[in-house]
Amino acid sequence: MAKLFVSMCLPPIEAALRAQADAQQAVPMKAYMLGQFEFLGVPAGPRREALKHAFIGLPKFTGTADELLALAQALWQLPEREFRYTAIDLLAKHHKRLDVSALPGILQLVQTDSWSDTVDGLAGVVGDVVLRAKASDPDVQRHMDDALVHPHLWVRRVAMLHQLGWRAQTDQARLFRYALALASETDFFIRKAVGWALRDHARNQPDAVRAFLTQHAEKLSGLSRREAGKHLG
């Protein structure tokens, strides 16, 4: 059924986005990404509007988790970056259809032509899935414990960022443990993720984050500390 679903949805999505292609816009978009990826030249607003039009005439979107993930994977195979952004939009919009069984598939996308533009969007989807699953499985974050020690740095970044926006539901002990586990890494994107995750938690628990930064100042990189303390005063 997943193949049938993809064959029904993929062509109109691809056609709608390619119809909006702007070669001139694609040049700076590619340059911003250091020339690593191809672009159609379609900004976020027109891209999302094109997606709406792509589904006009199709049956109401009722894809199962397997079908939704298969469509995202098919979009990921197309060369231009906008198709991956569209895949992330679809996963984010319909994240309630996904459960933890979808995490391996999502993390596989994380590892494909990775950069922060796609990885961080997927981290948000992972966070939505894991947070919802906590209601029935309090130990669901064990999947993120595994991701934290994954050999692929972008999967580790997802683990560090998955609690963004959780506010009062943040597992503070786990957040701090993750930050210390990654503190010795020298990669810019890991250090930035540590600081970002701590800064997000500081909106809810500023005193706890301030104390953590003071206690572990020598272990955390300067970048992580600066990011974490941006709004702490």
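This is a predicted model: local features need pLDDT of at least 70, side-chain atom pairs count only at pLDDT 80 or more; totals for chains, interfaces and linings use all residues.
## Helix H10 and what covers it

Residues are numbered from 1 along each chain as its sequence is written, and side-chain values use heavy atoms, with hydrogens and water left out.

## Helix H12, one side in

In H12 (residues 206–215), Val 209, Phe 212 and Leu 213 are the buried residues. They sit on the same side of H12 because they cover an arc of only 95° around the axis, the arc being that of the directions from the helix axis to the C-beta atoms. Their packing partners are helix H10, H11 and helix H13 (222–228). Turned away from that buried side is a face with the exposed residues Asp 207, Thr 214 and Gln 215.

## The nonpolar cores

A nonpolar core is a set of buried Ala, Val, Leu, Ile, Met, Phe, Trp, Tyr and Cys residues joined through side-chain atoms within 4.5 Å. The largest one has 73 residues, and those with the most contacts inside it are Ile 13, Leu 71, Leu 75, Leu 91, Leu 98, Met 160 and Leu 198. Helix H4 (residues 65–76) gives this core its largest share, nine residues.

Take Ile 13: leaving aside neighbours within four places in sequence, its contacts (heavy atoms within 4.5 Å) are Leu 51, Ala 54, Phe 55, Leu 71, Leu 75, Phe 83, Thr 86 and Leu 90. There's also a second, separate core of five residues, including Ala 26, Met 33, Phe 37 and Phe 39.

On a 1 Å grid over the protein atoms alone, a cavity is a set of points where a 1.4 Å probe fits but cannot get out, while a pocket is an open set with protein on both sides within 12 Å along at least five of seven lines; lining residues have an atom within 4 Å of a point. Points are joined across faces, edges and corners, and a volume is the space filled by probe spheres set on them.

The structure has one cavity of 30 Å³ or more. The largest cavity holds about 40 Å³, and its lining is Gln 163, Leu 164, Thr 170, Leu 175, Ala 197, Asp 200 and His 201. Helix H11 (residues 188–202) contributes the most to that lining, with three residues. As for the second largest pocket, about 200 Å³ of space lies in it, and its lining includes Met 29, Phe 39 and Trp 115. Helix H2 (23–32) and helix H7 (116–133) each supply at least two of its lining residues.

Most residues other than glycine have a negative phi. Asp 113 lies in the loop between helix H6 (103–110) and H7, and counts as partly exposed because its relative accessibility is 42%.

Arg 167 also has a positive phi, near 55°. Arg 167 is in the loop between helix H9 (153–161) and H10, and its 54% relative accessibility makes it exposed.

Conventions. Helices (H or I, at least four residues) and strands (E, at least two) are DSSP runs, numbered from the N terminus. Buried means under 20% relative accessible area, exposed over 50%, partly exposed in between (1.4 Å probe, protein chains only).
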